[in-house]
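User: I would like to learn how to read a structure like this one, feature by feature. Please show me the general idea each time, then the case at hand.

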Amino acid sequence: SFQNSDRLSEALKTKWVRRLSGFFRCSNEDKAYYASMEWNSNNFHYLECACNLYHILVEDEIGTSFLTSDRRGVLFYDIAHEIESILQFTTTITTNPNNQTTTQQITFQNNFKNSVFRFYSTSYTMTREYFTLLGRLTNTTNGRKIIIETKILQSILSCIKYRSLDYLNRLIVTSLVFTDHGYLSKSLLQTYSNLSKELP
C-alpha cells in the first residue's frame, strides 16, 4: 500500500508515480492528457484516481515533498499559475483596453486562447474537475498548507471581480461547495454574493 511511507518512498524513486502525476498535469501541452479529455461520465474514474493519488501523497511527508518540488508533482502550483495567468490577462485588458500595442494585444489574446481555464476547456473537458480535486485537497491539514502556499484563494477572489470570468467563477464555487466543507467556498460565496451586482 502506498499509504505506507516506505512503500511510497520506493514508488517515488521509480518513474511510475511521476508518469502518473504527469498524466494529470495542469497544462495545455500535448502530454497533458487528463486536461484534454472530454468531460463525460466515461472519464470520471480518472478524477477518482487523481483524488486518491493526491490524497495519499499529501498525507505523507515524502509525498508532500514531491508535490512541492518535483516538476511532475507540482500540480496545485500549476493550477495556481494558470488561474493567475488568466487573471493577469483579464486585468490588463480591463484596466488598459486602449493602451496596448497591436503586438501586445495579439500576445494577450493568444495567451488567453491557450489558457487551461478558457471557456471551452472548462465547459467540455476534464479541466473543470481540477477544482473538485482542489476541494478534496482542503480536507487534509497538509493540503490546506499547500493551498496557502500557492495563494490560490487570493487569485480566485480576484477573479470574482470580473464579469468576463463569471463562467470560471461559477464553476469554481460550484465545485468547491460540494467538496471543501466550506474551507474555501464559504468566503468565495460571500464575496461572490457581495460583488455580483457590481461586476464590471
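User: Where is T140 found?

Analyst: Start with the elements. Helices (H or I, at least four residues) and strands (E, at least two) are DSSP runs, numbered from the N terminus. T140 is found in the loop between helix 9 (130-137) and helix 10 (141-150). One caution: this is a predicted model, where local features need pLDDT of at least 70, side-chain atom pairs count only at pLDDT 80 or more, and totals for chains, interfaces and linings use all residues. Residues are numbered from 1 along each chain as its sequence is written, and side-chain values use heavy atoms, with hydrogens and water left out.

User: Is T140 buried or exposed?

Analyst: Buried means under 20% relative accessible area, exposed over 50%, partly exposed in between (1.4 Å probe, protein chains only). T140 has a relative accessible area of 6%, so T140 is buried. Contact means heavy atoms within 4.5 Å. Beyond its neighbours within four places in sequence, T140 is in contact with H55, V58 and E59. A polar atom of the T140 side chain also lies 2.9 Å from the backbone nitrogen of G143.

User: What is the order of elements in the protein?

Analyst: The protein has 13 helices and zero strands. From the N terminus on, the run is α-α-α-α-α-α-α-α-α-α-α-α-α. Of its 200 residues, 46% count as buried.

User: Which residues have the most contacts inside the largest nonpolar core?

Analyst: In soluble globular proteins, nonpolar side chains tend to be buried together. A nonpolar core is a set of buried Ala, Val, Leu, Ile, Met, Phe, Trp, Tyr and Cys residues joined through side-chain atoms within 4.5 Å. Here the largest such core has 53 residues, and Y54, F76, I79 and F117 have the most contacts inside it. Take F117. F117 sits in the loop between helix 7 (102-113) and helix 8. Its relative accessibility is 0%, so F117 counts as buried. Leaving aside neighbours within four places in sequence, its contacts include C26, I79, I83, Y130 and L168. The C-alpha atoms of F117 and I83 are separated by 7.2 Å, with the two residues 34 apart along the chain.

User: Which value of phi does K151 have?

Analyst: Most residues other than glycine have a negative phi. Phi of K151 is positive, near 60 degrees. K151 lies in the loop between helix 10 and helix 11 (152-159). K151 is exposed, with a relative accessible area of 53%. H181 also has a positive phi, near 55 degrees. H181 is placed in the loop between helix 12 (166-177) and helix 13 (185-195), and counts as exposed at 72% relative accessibility.

Key. A polar contact is a pair of N or O atoms within 3.5 Å; within protein, one must be able to donate a hydrogen and the other to accept it, and residues adjacent in sequence count only if both atoms are side-chain atoms.
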